[in-house]
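I open these notebook entries with the strands, and then turn to the annotated domains, a pocket and the aromatic rings. What did I look up, and what did I find?

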Amino acid sequence: METVPVPPFPPAGWVKIAVEWCGICGSDLHEYVAGPIFIPVDAPHPLTGKQGSLILGHEFTGIVVEVGEGVNNVKVGDMVAPDACQHCGECITCRTGRYNVCEKLAFTGLHNDGAFARYVNVPAELCFVLPEGVSPEAGAVIEPLGTGFKAVREAGSILGETVVVIGAGTIGLGTMMAAKAAGAGKVIVLEMSAARVAKAKECGADVVLNPRECDAVAEVKAMTNGSGADVSFECVGNKMTGPLAVDIIRNAGRAIIVGIFEEPSEFNFFSLSGTDKRVIGTLAYTLEDFIGVSALLAGGALKAEPLITGRIGLEDIVEKGFLELINNKDENIKILVKLGE
């Protein structure tokens with residue numbers, strides 16, 4: 001930790017936010033333990049121009065304190081939960097509304113300075129104003145919940161279907177709750193950590209299986225007349241769980257890949273061409289997902305509180321934040337850092 005200058009008055013189209021709460025994400029942890037991974041080092045980022053050391057943090061809420069020229073979607077005093085997907089607005093995916101996969105995508109806190117600081121500047125167009133019924137703390141988990149919400153949207157209708165969610169971390173639990181809200185008939189969670197098994201049950205999983213203790217594919221097939229699940233969501237990012245997401249679904253089923261992978265998997269593509277199974281990748285979210293998540297939070301279909309396992313001050317972020325998550329990973333889901341006064 002170090003003292004840095006307060007960001008300057010925001011440029012046209014940007015706002016300055018006084019950060020209230022910011023969650024520690026798995027990507028923040030990866031940067032701390034093994035980085036730089038996403039942070040640009042060899043060349044300036046093509047969108048932000050940033051290179052080298054950055055302030056981390058992208059799952060946050062805060063109050064708008066300054067607005068740049070031309071900003072009319074938010075005003076000073078608004079409590080916002082900003083989307084982290086800074087984008088060019090010009091490439092084909094931006095023009096079709098899928099700016100989450102912009103060709104020059106930059107994440108707040110990874111490719112530009114983030115929210116583990118008292119103030120941060122972000123593009124105003126990414127600011128989502130928190131509605132009534134959603135607290136600033138719950139607002140800080142809209143970003144990770146948005147990832148699971150979008151993953152469920154990418155699967156198409158899952159009404160009455162059998163769904164497998166692989167992993168019960170923040171993303172897996174959010175995906176599981178979103179699947180339940182979308183009308184899944186049965187949600188089966190695969191998780192090895194006893195603490196996270198308990199969290200999955202608390203958040204509404206119908207069945208929780210420990211792959212260390214059983215043949216998960218055989219168990220799921222036994223529950224589905226030998227066919228396999230209709231849909232799977234891979235929320236771990238492990239070389240073993242990627243292929244598992246395909247193996248565990250029925251013929252013509254869908255496997256949604258949500259996890260961030262650090263190494264490749266061995267995979268026989270005949271498991272797709274011989275079965276009509278489909279694999280769908282999904283990254284992050286858009287503001288459309290923030291709107292949906294906030295509505296489900298306000299209505300109680302999504303719950304933030306079970307995900308929040310710690311609240312700390314910025315002065316404790318290393319010892320009680322990053323090191324706590326490294327040393328006691330299984331016992332923690334989401335640690336929030338308090339930045340506001």
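**Strand pairing.** I looked up strand β8 (residues 162–166) and found that it pairs with strand β11 (residues 229–234) in the parallel sense, over four bridges. Two strands count as paired if DSSP finds at least two bridges between them. Helices (H or I, at least four residues) and strands (E, at least two) are DSSP runs, numbered from the N terminus. Within this pairing, Ile166 stands opposite Glu234 in β11.

**Basis of the model.** I note that this is a predicted model, in which local features need pLDDT of at least 70 and side-chain atom pairs count only at pLDDT 80 or more, while totals for chains, interfaces and linings use all residues. Residues are numbered from 1 along each chain as its sequence is written, and side-chain values use heavy atoms, with hydrogens and water left out.

**The sheet.** I then asked in what order the strands of the open sheet run. Six strands form the sheet, with parallel pairing, in the order β10-β9-β8-β11-β12-β13. Its edge strands, β10 (207–209) and β13 (278–281), each pair on one side only. From one strand to the next the twist averages 20° (axes are lines fitted to C-alpha atoms, and angles run from 0 to 180 degrees between N-to-C directions).

In an unreviewed UniProt entry I found "domain: Alcohol dehydrogenase-like C-terminal" for residues 171–297. UniProt annotations may be inferred rather than shown by experiment. The span 171–297 is 39% helix and 21% strand, and its end C-alpha atoms lie 15 Å apart. The unreviewed entry also lists "domain: Alcohol dehydrogenase-like N-terminal" for residues 12–132. Residues 12–132 are 11% helix and 29% strand, with end C-alpha atoms 29 Å apart.

**Aromatic rings.** I found five aromatic pairs in the structure (rings of Phe, Tyr and Trp, the last by its six-membered ring, pair if their centres lie within 6.5 Å; planes under 30 degrees apart count as stacked, over 60 as edge-to-face and the rest as tilted). Tyr32 and Phe322 form a stacked pair, 4.9 Å centre to centre with 25° between the planes. This pair links distant parts of the chain, since Tyr32 lies in helix α1 and Phe322 in helix α11, 290 residues apart.

**A pocket lining.** Which elements each supply at least two residues of the lining of the second largest pocket? They include α1 (26–34), β6 (119–123) and α11 (317–327).
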